[in-house]
Amino acid sequence: MSNTKTVVKRKRGDWQIAVLFLLPSLILLGLFVFWPMIDSIRMSFYDWNPLKGKIFTGLENYQNLLKDKLWWTSLGNTIKYILMNVPPIVIFSIIMCELVLFANNKSKVISKFIRGSFFLPCALSLVATGVAWRYLMGTNYGVINNFLSALGLEKVGWLTDGKIALGSMAIVTIWRWAGYYMVMVVAGRLEISQEFFEAADLDGANAWHKFVYITLPQLKPVLTYIILMCVIGTFQEFDLVYTMTNGGPGTSTYLTGLTLYKTAFSSLKMGYSCTMAVFIFILSIIISVVQLKLTSDKD
């Protein structure tokens, strides 16, 4: 009986210590994540202008959002942007991972250099990245177009042609984030037991068969996480589009994050921008649930 009481007391003490260590993080999460989230939902029911005050309007903001052409244009652009950048990010992160591991078998020094080179773009400031690529992709004096002119080719309106501006931004996004997610793929790849590959070698499987039937299935949880983070991150994309195109030309590169920002800080419609944030939040949850359902293993 005394032993049972000792175990209970020990568990209670461990729980109290755990709460004590977690308390600072929980307080910060509550102040800077959960409370702003709850307050945004509350403010979405108000017509709130910081210069004029706020008026309760109920569901009027949500009704206006359903009729807002710019919002639906930005949402359509965001979905296109997701389709443009998420699959290549996943593919390039896998290719980079295989190159790093191949180089690691030859020389660890070379492997570290390659890994650092791939990871470097995501260590740069998004604003600095956007400004640099805006000059690189400039129509008249951009480095890329000057190079094309030197080859006798026509200049391309990378950021001034509404048909390709979104694709140009997707190229920059892929360049920036593929190396970041490569690190996760490498970590997942190293967790795969070598026994699977040794057994495949005994069965006469080639490199492609091992990749398709061993590597990819074992990397499924990591790849699911990467896709989910890329999709959610695209809905929140702001820095890159603001510095590179500011939504232009016209509304061809308006994304949901930029529309939300301009609604809040240019039009000063804070309540309406909170409605947009709530919509993005709900949409992100729906996409996450659907993706997890589609990618979960069935018994």
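Colleague: Hi! What should I know about the model before we start?
Modeller: It is a predicted model, where local features need pLDDT of at least 70, side-chain atom pairs count only at pLDDT 80 or more, and totals for chains, interfaces and linings use all residues. Residues are numbered from 1 along each chain as its sequence is written, and side-chain values use heavy atoms, with hydrogens and water left out.

Colleague: Great. How are two packed helices described?
Modeller: By the angle between their axes and the distance between the axes. Here the axes are lines fitted to C-alpha atoms, for helices over the stretch in contact, and angles run from 0 to 180 degrees between N-to-C directions. The helices themselves (H or I, at least four residues) are DSSP runs, numbered from the N terminus.

Colleague: OK, at what angle do H3 and H7 cross?
Modeller: Roughly 40°, and the axes of H3 (residues 69–106) and H7 (residues 165–190) come within 6 Å. That makes H3 oblique to H7. For the wording, angles under 35 degrees count as roughly parallel, over 145 as roughly antiparallel, 65 to 115 as roughly perpendicular and the rest as oblique.

Colleague: Is that crossing left-handed or right-handed?
Modeller: The H3 and H7 crossing is right-handed. A crossing gets that name if the near helix is turned clockwise from the far one by less than a right angle, and is left-handed if anticlockwise.

Colleague: Which classes of residue make up the contact of H3 with H7?
Modeller: There are 21 nonpolar, 6 polar and 3 charged residues in the contact of H3 with H7. Ala, Val, Leu, Ile, Met, Phe, Trp, Tyr, Cys and Pro count as nonpolar, Asp, Glu, Lys and Arg as charged, and the others, Gly among them, as polar.

Colleague: And how do H7 and H10 pack?
Modeller: H7 and H10 (residues 220–235) pack at an angle of about 165°, with their axes 10 Å apart. That makes H7 roughly antiparallel to H10. The crossing of H7 and H10 is right-handed.

Colleague: Which residues make that contact?
Modeller: From H7 there are Tyr181, Met184, Val185 and Gly188, and from H10 there are Val222, Leu223, Tyr225, Ile226, Met229 and Cys230. Contact means heavy atoms within 4.5 Å. By class, the contact of H7 with H10 has 9 nonpolar, 1 polar and no charged residues.

Colleague: New topic! How many salt bridges are there?
Modeller: The count comes to 3 salt bridges, where a salt bridge is a side-chain nitrogen of Lys or Arg within 4 Å of a carboxyl oxygen of Asp or Glu.

Colleague: Which residue does Glu98 pair with?
Modeller: Glu98 forms a salt bridge with Arg189, and their closest N and O atoms are 3.2 Å apart. This pair links distant parts of the chain, with Glu98 in H3 and Arg189 in H7, 91 residues apart.

Colleague: Is Arg189 buried or exposed?
Modeller: Arg189 is buried, at a relative accessible area of 15%, whereas Glu98 counts as partly exposed at 28%. Buried means under 20% relative accessible area, exposed over 50%, and partly exposed in between (1.4 Å probe, protein chains only).

Colleague: What else does Arg189 touch?
Modeller: Leaving out residues up to four places away in sequence, Arg189 touches Cys97, Glu98, Leu101, Phe197, Thr215 and Leu219. Thr215 sits in H9 (residues 207–218) and is buried, with a relative accessible area of 2%.

Colleague: And the other salt bridges?
Modeller: One joins Lys210 and Asp201, with the closest N and O atoms 2.9 Å apart. Lys210 is buried at 18%, while Asp201 is partly exposed at 44%. Arg42 and Asp39 also meet in a salt bridge (2.6 Å, N to O). Being 3 residues apart in H1 (residues 2–43), Arg42 and Asp39 are separated by about one helical turn.

Colleague: Last topic, loops. Where is the cis peptide bond?
Modeller: A cis peptide bond joins Gly248 and Pro249, with omega about -5°. Pro249 lies in the loop between H11 (239–244) and H12 (256–265).

Colleague: What is the phi of Asn246?
Modeller: Asn246 has a positive phi of about 55° although it is not a glycine. Asn246 is also found in the loop between H11 and H12, and counts as partly exposed at 34% relative accessibility.

Colleague: And Leu268?
Modeller: Leu268 has a positive phi of about 60°, and it is not a glycine either. Leu268 is found in the loop between H12 and H13 (270–295).

Terms used:
Helix = DSSP H or I, 4+ residues; strand = E, 2+ residues; numbered from the N terminus.
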